[in-house]
Amino acid sequence: MTDHAPNEARVIPLRPGPAAPGPAASGPPAPPAAAPREPLWRHLVGDVLRKERQAQERTLKDVADEARISMPYLSEVERGRKEASSEVLAAAAGALGLGLGDLLARTHAELVRVTSRRSIVPARSVRNGSVRGSAHDGLCLAA
């Protein structure tokens with residue numbers, strides 16, 4: 001019989017992490033401290049759509065019917081479980097009396113609000129490498 005290595009998953013980080021410990025280290029390396037995760041765009045859009053619908057005291061069925069999308073799908077979008085197309089987002093926003101630009105602007109404001117609680121390092125300027133802030137906080141969308 002052959003000896004098999006323990007059945008452990010190998011994790012390949014998407015971003016380079018700290019240097020691996022040298023051979024002098026004993027035991028498995030300690031896991032890195034969990035960094036705060038950026039919110040997903042679909043969660044923010046869903047929150048904005050839900051808050052606007054509730055502010056208008058409208059039902060999910062009412063908005064879905066007016067937007068001509070299924071009620072279960074709109075529910076999934078509001079809960080951030082579906083990555084909706086721009087057509088679906090425009091239809092849902094339109095049913096709420098918003099344009100797609102309004103929805104994106106409100107979602108951007110929510111992103112800024114949520115991430116402002118964390119310390120964010122400004123992006124480096126492409127021209128000279130100096131650190132420079134932006135009026136858009138590093139987010140630029142084309143609708």
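E66 is partly exposed, with a relative accessible area of 47%. The structure is a predicted model, in which local features need pLDDT of at least 70, side-chain atom pairs count only at pLDDT 80 or more, and totals for chains, interfaces and linings use all residues. Residues are numbered from 1 along each chain as its sequence is written, and side-chain values use heavy atoms, with hydrogens and water left out.

The overall makeup comes next. The protein has five helices and zero strands. Its elements run α-α-α-α-α from the N terminus on. Helices (H or I, at least four residues) and strands (E, at least two) are DSSP runs, numbered from the N terminus. The protein has 143 residues, of which 24% count as buried. Residues 24 or more positions apart account for 62% of them. Contact means heavy atoms within 4.5 Å.

Charged pairs were examined next. Side chains of opposite charge can pair when their charged atoms come close. A salt bridge is a side-chain nitrogen of Lys or Arg within 4 Å of a carboxyl oxygen of Asp or Glu. By this rule, there are 11 salt bridges. E78 pairs with R53, and their closest N and O atoms are 2.8 Å apart. This pair links distant parts of the chain. E78 belongs to helix α3 (residues 71-78), R53 to helix α1 (residues 41-55), and the two are 25 residues apart. E78 is buried, at a relative accessible area of 5%. R53 is buried too, at 10%.

R58 takes part in two of the salt bridges described here. One joins the side chains of R58 and D62, at 2.7 Å from N to O. D62 is partly exposed, with a relative accessible area of 33%. The other joins R58 to E66, and here the closest N and O atoms are 2.7 Å apart. R58 itself is buried, with a relative accessible area of 17%. Elsewhere, salt bridges that share partners join D47, R50, R53 and E78 into one network.

Helix α2 (residues 60-67) and helix α4 (residues 86-95) have axes that come within 8 Å and cross at roughly 120°. Axes are lines fitted to C-alpha atoms, for helices over the stretch in contact, and angles run from 0 to 180 degrees between N-to-C directions. The two helices are therefore oblique to each other. Angles under 35 degrees count as roughly parallel, over 145 as roughly antiparallel, 65 to 115 as roughly perpendicular and the rest as oblique. α2 passes α4 in a right-handed crossing. V63, E66 and A67 of α2 make the contact with A91, A92, G94 and A95 of α4. By class, this contact has five nonpolar, one polar and one charged residues. Ala, Val, Leu, Ile, Met, Phe, Trp, Tyr, Cys and Pro count as nonpolar, Asp, Glu, Lys and Arg as charged, and the others, Gly among them, as polar. A crossing is right-handed if the near helix is turned clockwise from the far one by less than a right angle, and left-handed if anticlockwise.

E57 is found in the loop between α1 and α2. E57 has a positive phi of about 55°, although it is not a glycine. E57 is exposed, with a relative accessible area of 73%. R68 is found in the loop between α2 and α3. Phi of R68 is near 65°, again a positive value in a residue other than glycine. R68 is exposed, at a relative accessible area of 77%.

G99 lies in the loop between α4 and α5 (100-115). At 30% relative accessibility, G99 counts as partly exposed. G99 and L89 are 10 residues apart in sequence, and their C-alpha atoms are 9.4 Å apart in space. P72 has its place in helix α3. P72 is exposed, with a relative accessible area of 56%. P72 and L60 are 12 residues apart along the chain, and 8.9 Å separates their C-alpha atoms.

Terms used: Buried means under 20% relative accessible area, exposed over 50%, partly exposed in between (1.4 Å probe, protein chains only).
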